[in-house]
Amino acid sequence: MSLLPRLRRDRRLVEAALRRYLPVAGSVPLTVRRALAYSLFPGGKRLRPILSIAACRALGGRVADVLPAAAAIEMIHTYSLIHDDLPALDNDDLRRGRATSHRVFGEAMAILAGDALLTHAFEIAASYPAHRKLAARKVRAIRLLARAAGVTGMIGGQVLDLEAEGRSFSYGTLLRIHRGKTGALISAAVQIGGIMAGGSPEDVRSLRAYGDSVGLAFQIIDDILDREGTTHRLGKTIGKDARARKATFPALLGIDESRRRAREAARRASRSISDLGTRGRPLDELAHFIVERVS
Ligand code: GRG
């Protein structure tokens with residue numbers, strides 16, 4: 001199967017898993033459930049869970065074993081977007097082509113919806129699949145997820161990002177910001193696919209190297225799209241990084257050099273999984289798709 005039909009198929013799997021694992025209607029207050037559903041559906045590219053599924057398949061695992069963790073990762077990503085858009089952070093009105101959560105539900109409810117998604121994600125990752133033989137894999141996956149979402153990963157990166165705003169910065173600082181803010185969750189998504197498939201430590205190490213490079217490539221392109229993309233295509237306000245004088249790859253290196261480094265990172269990602277042979281091909285294609293994407 002070629003890349004685009006595979007992306008469509010895996011996206012459908014992710015949508016179904018997210019619907020299955022949403023808090024049961026009637027068991028939670030209606031308003032917060034509406035706010036969760038509003039931000040989760042129709043959603044964005046679903047790139048992180050798609051990477052988990054592809055990594056699981058590459059190691060011969062069962063997709064059903066990784067779907068709960070994949071859905072949890074997308075919930076955590078969605079929470080980060082809700083909170084990132086809040087007035088205290090990016091203060092944005094538009095996300096995934098429509099009004100941000102706090103514009104629709106108010107700031108207090110958006111904060112709570114983000115908190116709810118983050119905590120619910122861990123409940124799902126711990127509870128499913130319920131089979132006892134997967135318990136050890138789930139614990140490893142949850143630990144990785146917590147590290148990637150927390151102060152060692154996404155939150156830490158966000159703090160560095162805030163502190164770098166309006167200041168001069170080095171390439172080293174830029175890498176530290178983005179490894180935490182964006183790279184950690186992307187890399188964890190890939191590794192979790194390998195862990196839930198029961199991959200060997202060597203396989204998971206290769207996936208980690210792949211995930212780190214793909215995470216970097218993704219962020220460089222995200223920075224470029226903020227300069228060159230359109231609000232219509234991206235479904236979010238563009239040009240904000242430059243206005244806020246954020247630490248970005250194009251700001252430091254220019255567009256052409258940034259693009260060159262993104263392509264180089266994608267090639268590094270491919271080399272990291274060369275031991276997987278043809279089983280790694282879908283991951284290889286995803287790495288290049290991420291670099292050539294326009295949204
Ligand atoms: C706890 C108050 C508080 C804040 C936390 C967690 C956080 C704020 C910020 C994380 C920063 C963040 C939003 C990083 C991700 C940046 C990024 C590249 C998002 C876009 O990802 P895509 O393109 O989005 O995959 P779609 O919409 O396609 O899922």
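Arginine 46 sits in the loop between α2 and α3. Helices (H or I, at least four residues) and strands (E, at least two) are DSSP runs, numbered from the N terminus. The model is predicted: local features need pLDDT of at least 70, side-chain atom pairs count only at pLDDT 80 or more, and totals for chains, interfaces and linings use all residues. Residues are numbered from 1 along each chain as its sequence is written, and side-chain values use heavy atoms, with hydrogens and water left out.

Arginine 46 has a phi near 60°, a positive value in a residue other than glycine. Is arginine 46 buried or exposed? Arginine 46 is buried, at a relative accessible area of 1%. Buried means under 20% relative accessible area, exposed over 50%, and partly exposed in between (1.4 Å probe, protein chains only). Proline 42 is also placed in the loop between α2 (30-40) and α3. The peptide bond from phenylalanine 41 to proline 42 is cis, with omega near 5°.

Next comes α3. This helix has 12 residues and reaches 16 Å from its first C-alpha to its last, close to the 16 Å expected at 1.5 Å a residue. The expected span is 1.5 Å times one less than the number of residues. In α3, 11 of the 12 residues are buried, so the helix is largely enclosed by the rest of the structure. Among them are Leu47, Arg48, Pro49 and Ile50. The cover over the buried residues of α3 includes α1, α4, α9, α10 and α15; contact here means heavy atoms within 4.5 Å. Just after α3, glycine 60 takes a positive phi of about 80°.

Turn to α15, part of that cover. Helix α15 (residues 281-292) has 12 residues and spans 17 Å from first C-alpha to last, close to the 16 Å expected at 1.5 Å a residue. Which residues of α15 are buried? They are Leu283, Leu286, Ala287, Ile290 and Val291. Seen down the axis of α15, these buried residues fall within an arc of 135°, so they line one face of the helix. The arc is that of the directions from the helix axis to the C-beta atoms. The buried residues of α15 pack against α1 (3-21), α3 (47-58), α10 (201-228) and α14 (255-272).

Now look at α8. Its residues run 154-164, and the buried ones are Met154, Gly156, Gly157, Gln158, Asp161 and Ala164. What covers them includes α4, α7 and α9 (171-196). Just after α8, glycine 166 has a positive phi of about 75°.

Helix α6 (residues 107-127) holds alanine 110. With 0% relative accessibility, alanine 110 counts as buried. Leaving out residues up to four places away in sequence, alanine 110 touches Ile82, His83, Leu86, Ser101 and His102. Alanine 110 and threonine 100 are 10 residues apart in sequence and 8.8 Å apart in space, C-alpha to C-alpha. In the loop between α6 and α7 (135-149) lies proline 129. A cis peptide bond joins tyrosine 128 to proline 129, with omega about -10°.

Another loop, between α4 (63-84) and β1 (94-95), contains asparagine 91. Asparagine 91 is not a glycine, yet its phi is positive, about 50°. At 46% relative accessibility, asparagine 91 counts as partly exposed. Lysine 240, in helix α12 (residues 240-243), is in contact with Asp90, Asn91, Asp92 and Asp226, leaving aside its neighbours within four places in sequence. The side chains of lysine 240 and aspartate 92 are joined by a polar contact of 3.3 Å. A polar contact is a pair of N or O atoms within 3.5 Å; within protein, one must be able to donate a hydrogen and the other to accept it, and residues adjacent in sequence count only if both atoms are side-chain atoms.

Which of the 19 residues around the ligand come nearest? Lys45, Arg48, His77, Arg96 and Gln158 do; a residue is near a molecule if one of its heavy atoms lies within 4 Å of it. Lysine 45 places a polar side-chain atom 2.6 Å from an oxygen atom of the ligand. For arginine 48, a polar side-chain atom lies 2.7 Å from a ligand oxygen atom. An N or O atom in the side chain of arginine 96 is 2.8 Å from an oxygen atom of the ligand. The protein covers 86% of the 750 Å² of accessible area that the ligand has on its own. Accessible areas come from the Shrake-Rupley method with a 1.4 Å probe; for residues, only the protein chains shown count as cover.
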